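Dear colleague,

I am handing over the structure below, and my notes on what was found in it follow directly after. Please read them with the model open beside you.

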Amino acid sequence: MSCSIRCGLPFPKGVVRDVEQIQLRDSKKRRLPLQLRPMNRWPDGSLRWVELDTVAHAGQPTRTLLLDLHDGSVPRPLPESPVRVSTGALGRRVLETGELKVTLSSAAEPLSCRIEHGSAVLDQFTGVIEIG
């Protein structure tokens, strides 16, 4: 099972200049994919607060997460299941993450969306957008 994690990270003045310097690892030293957003900066331009979002598998290796700072030259890892986009039946767009599947209506159909997790349908709706 995967868990999403979001937190704010404070940094001392002058330590981190760019979010590309930040990496996250589990206790087995595996780098985790993450999304970082600067929230606040010190007067010298360095980062004061950063918002961190990641997904980690629940279990022993993720009980402890390690934060690494480096010069920004090491690329971040891709998620285990990158989003795949394809065209399904009747021209519908299908987005798949490995765990979730989202099917969106084609341009010729009324707006609809179906969200599935495995064989379970989490949500499904159809609607009309009026402009004007």
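Val15 is partly exposed, with a relative accessible area of 38%, where buried means under 20% relative accessible area, exposed over 50% and partly exposed in between, with a 1.4 Å probe and protein chains only. Val15 sits in the loop between β1 (2–10) and β2; strands here are DSSP runs of E with at least two residues, helices are runs of H or I with at least four, and both are numbered from the N terminus. Together with Leu67 and Leu69, Val15 makes a nonpolar surface patch of about 230 Å². Such patches are made of residues with over 30% relative accessible area and no salt bridge, nonpolar side chains (Val, Leu, Ile, Met, Phe, Trp, Tyr) being joined within 5 Å and like charges within 9 Å.

Please keep in mind that this is a predicted model, in which local features need pLDDT of at least 70 and side-chain atom pairs count only at pLDDT 80 or more, while totals for chains, interfaces and linings use all residues. Residues are numbered from 1 along each chain as its sequence is written, and side-chain values use heavy atoms, with hydrogens and water left out.

As for the chain as a whole, its secondary structure comes to zero helices and 10 strands. Buried residues make up 23% of its 132 residues, and the accessible surface comes to about 9,100 Å², of which 56% belongs to carbon and sulfur atoms; these areas come from the Shrake-Rupley method with a 1.4 Å probe, and for residues only the protein chains shown count as cover. Of the contacts in the chain with a separation of 6 or more, 49% are between residues 24 or more positions apart, a contact being heavy atoms within 4.5 Å.

The largest nonpolar core has 13 residues, of which Phe11, Ile22, Leu36, Val50 and Leu52 touch the most other members. The elements that give two or more residues to this core are β2 (22–25), β3 (34–41) and β4 (47–57), and β4 gives the most, with four residues. By a nonpolar core I mean a set of buried Ala, Val, Leu, Ile, Met, Phe, Trp, Tyr and Cys residues joined through side-chain atoms within 4.5 Å.

Cys7, in strand β1, is partly exposed at a relative accessible area of 30%. Leaving aside neighbours within four places in sequence, Cys7 is in contact with Val50, Glu51 and Leu52, and the C-alpha atoms of Cys7 and Asp53, 46 residues apart along the chain, are separated by 6.8 Å.

Side chains of opposite charge can pair when their charged atoms come close. The count comes to seven salt bridges, each defined as a side-chain nitrogen of Lys or Arg within 4 Å of a carboxyl oxygen of Asp or Glu. One of them joins Arg17 and Asp44, with the closest N and O atoms 3.5 Å apart; this pair links distant parts of the chain, Arg17 lying in the loop between β1 and β2 and Asp44 in the loop between β3 and β4, 27 residues apart. Asp26 forms another with Arg30, the closest N and O atoms being 2.8 Å apart; Asp26 is buried, with a relative accessible area of 2%, whereas Arg30 is partly exposed at 44%.

With best regards
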